[in-house]
Amino acid sequence: MFKSTKIILFIFIILILIFSPTNIYSKDNLQYTIMRIDNSLQGKARRFTYHLVIYPGTTKKDMEQISLRILEFAKKENPFNALAVGFNDYSVLLGHGFRFGRVEFAPNGKWSDAATVKTGDYSSLKMVNYLREPDWDNALTKKEAIIYAKHNKLLDSLLKKAYTHEDIEKAEKEAAKSITKKYKITQEELNNIYLKYRK
């Protein structure tokens, strides 16, 4: 009796796992990770930027839906004047732009209008979409993402000291030489990483 009850319970659990709406194969299963939340205060205006990492297979439409989920989450957790949700595929790329673009929610769809409304007043909020469809067939590898981030960071630091066209060219060559040597890649391979980043 006890043994048959255990068998029935086991079958019931298996059926729940198969047909559950949260099953990993569910079409509305949006997978993402919030890596960082930046709070940009300008006067009384609160502007938040959510930095997200998404996973292979995520589409532009998925990112739109994720952005709307973040919007509702932020309204409850971090009342704002304007909100941006940006997307990357590796955490190492944080701080180097948004590889797959971003969605902005702002009064009248203008980031600059954030100071014209009270924090938590979403009556004039409009969504502006700057997303692009990920090309997962040409996705960066983790190593390529690291190389891109390291090169970008080094180049940025060198360019801060560049004031002339010659200085800029010198900084670009120095950054490329340092990174290609460190990671044992060619200049062409470094260029291809940048091309892949933009796909």
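Where does Asn-81 lie? Select this residue in your viewer and you will find Asn-81 in the loop between α2 and β3. (Helices, H or I with at least four residues, and strands, E with at least two, are DSSP runs numbered from the N terminus.)

Before going on, two notes on what is loaded. This is a predicted model, in which local features need pLDDT of at least 70 and side-chain atom pairs count only at pLDDT 80 or more, while totals for chains, interfaces and linings use all residues. Residues are numbered from 1 along each chain as its sequence is written, and side-chain values use heavy atoms, with hydrogens and water left out.

**Stop 1: around Asn-81**

Asn-81 is buried, with a relative accessible area of 1%. (Buried means under 20% relative accessible area, exposed over 50%, and partly exposed in between, using a 1.4 Å probe and protein chains only.) Now show side chains: that of Asn-81 makes a polar contact with the side chain of Thr-119, at 2.7 Å. (A polar contact is a pair of N or O atoms within 3.5 Å; within protein, one must be able to donate a hydrogen and the other to accept it, and residues adjacent in sequence count only if both atoms are side-chain atoms.) Not counting residues up to four places away in sequence, Asn-81 touches Thr-119 and others, including Lys-44, Arg-46, Pro-107, Val-117 and Leu-125. (Contact means heavy atoms within 4.5 Å.)

**Stop 2: the sheet**

Switch to cartoon view and pick out the strands. Five of them form an open sheet with mixed pairing, in the order β1-β2-β3-β4-β5. (Two strands pair if DSSP finds at least two bridges between them.) β1 (32–42) and β5 (125–129) stand at the edges with a single partner strand each, so one side of each has no neighbour in the sheet. Direction ignored, neighbouring strands of this sheet are turned by 15° against each other on average.

Next, colour helix α2 (residues 60–77). This helix packs on the sheet, touching β1, β2 (45–54), β3, β4 and β5, and its direction makes about 140° with that of β3. (Axes are lines fitted to C-alpha atoms, for helices over the stretch in contact, and angles run from 0 to 180 degrees between N-to-C directions.)

**Stop 3: strand β4 and its partners**

Zoom in on β4 (residues 102–107), which runs antiparallel to β3 and is joined to β3 by four bridges. Gly-86 stands opposite Arg-102 of β4, and Val-85 has Val-103 as its bridge partner. On to β5: five bridges join β4 to this strand, and the two run antiparallel. Here Ala-106 stands opposite Lys-126. Of the six residues in β4, five are buried.

Follow the chain into the loop between β4 and β5 to reach Asn-108. Its phi is near 60°, a positive value in a residue other than glycine. Asn-108 counts as partly exposed, at 42% relative accessibility.

**Stop 4: the nonpolar cores**

Which residues touch the most other members of the largest nonpolar core? Select Tyr-50, Leu-52, Ile-66, Leu-83, Val-85 and Phe-87, out of 18 residues in this core. (A nonpolar core is a set of buried Ala, Val, Leu, Ile, Met, Phe, Trp, Tyr and Cys residues joined through side-chain atoms within 4.5 Å.) β2, α2, β3 and β4 each give two or more residues to the core, and the largest share, five residues, comes from α2. A second, separate core has 14 residues, among them Ile-147, Tyr-148, Tyr-183 and Ile-185.

While in β2, select Val-53. Val-53 counts as buried, at 6% relative accessibility. Leaving out residues up to four places away in sequence, Val-53 touches Tyr-32, Met-35, Tyr-90 and Leu-94, among others.

**Stop 5: helix α5**

Lys-184 lies in the loop between α4 and α5. This lysine is exposed, with a relative accessible area of 74%, and its phi is near 55°, a positive value in a residue other than glycine.

Finish on α5 (residues 187–197), where Leu-190, Ile-193, Tyr-194, Lys-196 and Tyr-197 are buried. Look down the axis of α5: the buried residues fall within an arc of 160°, so they line one face of the helix. (The arc is that of the directions from the helix axis to the C-beta atoms.) These buried residues pack against β3 (82–88), α3 (142–159) and α4 (165–182).
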